[in-house]
Amino acid sequence: MKPVFARPVSLKDVATHFCPGCQHGLIHRLAADAMDHFGVQQQTIGVASVGCSVFLYEYFDIDVVEAPHGRAPAVATGVKRARPDDVVFTYQGDGDLAAIGTSEIIHAANRGELFTVLFVNNTTYGMTGGQMAPTSLPGQRTLTSPEGRDVAMDGYPMRMAEVIAALDGTAYSVRVAVNSPKNILAAGKAIKKAFEYQIEKKGFAFVEVLATCPTNWGMNPLAANERVASEMIPYFKLGTFKERG
Amino acid sequence: MSERLLVAGNIAVAMGALAAGCRYYFGYPITPQSDIPAYMSGELRKLGGTFIQAESEIASINMLLGASACGFRAMTSSSSPGISLKQEGISYMAGSELPGLIVNICRSGPGLGGIDPSQADYFQSVKTGGHGGYRTIVVAPASVQEMYDLTILAFDLSDRYRMPAVLLADSLVGQMKEALECTPYVPPADLPAKEWAVTGKRGRPDQRIVKSLYLGEGELEAHNWKLWRRAEDLKAKEQRSEARRLDDAELVVTGFGSAARIARSAVEMARAAGLKVGFLRPITLFPFPEEAFAAATANCKKVLCVELSTGQMVEDVRLSVARDADVAFYGRPPGTGSLPTPEELFAQIQKHYGKGA
């Protein structure tokens, strides 16, 4: 009998350390599906960032380089320039990519580096216990914004997919979510496309994935998933912001 | 016969790097090292290598980390404030056991300081400026020829000991022109293969992971002991120094890099005046040539250390000499007009020569 559902070969057969209801595992799976789809597991190098997703190498069965906080796009630039025929991707959270690593992501995109960026936006710093992130929503209560994000004091949530799309070096920039079967299918397609852009040397490809952090949001997984639809998507509109070539 | 050229020290660094097979350069403009990226940008394009003028010093050290993780010889160059920004990346490279060359053509400081010859980055280079406790190889050229030769040595040592290497010089050595003989590079036959480099699995059963995070019980301690053993091995095998006229010396003058060039002239003046003065110049600052200092002070009990700073290397000299040796210091903090003349150093030699230990 032909199996209709199996673990991607790019993913190891291990349990993850992620909290219940966290969507990193799901996004890992979509990335692994894309690697399997293009048959590139054996020639892929992942660049891990600092945050909950640092343990990339525990879950993906690929070679991995671990980058300092925010520097994954610079490390990936070095890797991709050294191994131009390999498939290279970074996997970064919102604190890593949109705060401490803003410079690195903007300039990697602007140079049109031929790697893929998977950006997981869950509006908080997960690993350090739920501080305000550059993507925290107005009014969002966090450890460091106990009365809610005050835009007059703390500024506004950054819409990175739109920022990245505005750069001439970017070939593909999209925002997806994984809060419903329909959105998961669309996210899988977008991630595949982002790898395809790299493999076909079309240019820099960026996928922002809206995701939950039930632990630091103080919600159960279902309520957290509901928040993606009710609060995140209205601010962070899903869609394709750049699609060149 | 290799060619003899008249070139600046900074260009000699770039030529040495290319001779050593470095095809990846990542940097950011800063005086007084800008000749290096200018030269590399042209030459690397011709050679099919990679030159990136990065958006920041931080990005460039991390690009170096990435290229080095792939097993290739790669470098960055900068000057003091830029090297400060690279410290995070250097710590990560050390923790990840990655080789790579970081060239520091020092400015004077602190802060923005100036562009005069300076040796005030000795502590940052030798004691390491990043977090976590690690070591880097540090070489200190004193001539254009050494800018070439020690660049090559730094790559070899860096690959062999899997730790970043720093080449520490200043605008005096970086911008002066001298004759350079470009000896062809022959890689040491016993350099270990880079079996740790990420290449994509390509049929390997095991992943390769370049990382510095160790959270398992006992893992990080074991990792740190491994890094320490490697540094001890380096100290045992790779100390390098230049010694002159030590046999009958009653005073040993020491210094590194450009200060040593001036000090060497002062030593020759002293000899011409009939003073028995020797000269000992560290070529590697880490490992520090402790054995040479111990040997030189077995009989001669007086040392004069000269630096273009208020005194940094002198601490390592004091740790290395025989216990009953006396170490005097003469230095001038860097700044316009503060470079000592040979006559000035000769006066210091006269002052300390014959004084009881």
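Mentor: Let's start at Val64(A), whose bridge partner in β9(B) is Ile209(B). Those strands, β2(A) and β9(B) (residues 209-210), pair in the parallel sense over two bridges; pairing here takes at least two DSSP bridges between the strands. Helices (H or I, at least four residues) and strands (E, at least two) are DSSP runs, numbered from the N terminus. Bear in mind that this is a predicted model, where local features need pLDDT of at least 70 and side-chain atom pairs count only at pLDDT 80 or more, while totals for chains, interfaces and linings use all residues. Residues are numbered from 1 along each chain as its sequence is written, with chains lettered from A and ligands numbered from 1 in the order in which they are written.

Now widen the view. The contact between the chains takes 29 residues from chain A and 33 residues from chain B, two residues being in contact if their C-beta atoms, placed from the backbone, lie within 7 Å. On chain A's side, β1 (44-48), β2 (63-66), α3 (72-82) and α5 (102-110) are the elements that give two or more residues. Of these, α3(A) gives the most, with eight residues. By class, that side of chain A has 13 nonpolar, eight polar and eight charged residues (Ala, Val, Leu, Ile, Met, Phe, Trp, Tyr, Cys and Pro count as nonpolar, Asp, Glu, Lys and Arg as charged, and the others, Gly among them, as polar).

Over in chain B, an automatic or database assignment sets the domain bounds, giving domain 1 (4-181) and domain 2 (241-352). Their C-alpha centres lie 26 Å apart, and their contact takes 24 residues from domain 1 and 23 residues from domain 2.

What ties in here is the largest nonpolar core, with 178 residues. Such a core is a set of buried Ala, Val, Leu, Ile, Met, Phe, Trp, Tyr and Cys residues joined through C-beta atoms within 7 Å, and buried means that 20 or more other C-beta atoms lie within 10 Å of a residue's own, placed from the backbone. Leu118(A), Val207(A), Val209(A), Leu167(B) and Val253(B) have the most contacts inside this core. Helix α7(B) (residues 144-161) gives the largest share, 10 residues. Both domains of chain B give residues to this core, so it lies between them. As for Val253(B), not counting residues up to four places away in sequence, its contacts include Ala263(B), Val277(B), Phe279(B) and Ile349(B).

Notes: Buried ≥ 20, exposed ≤ 12 C-beta atoms within 10 Å, placed from the backbone.
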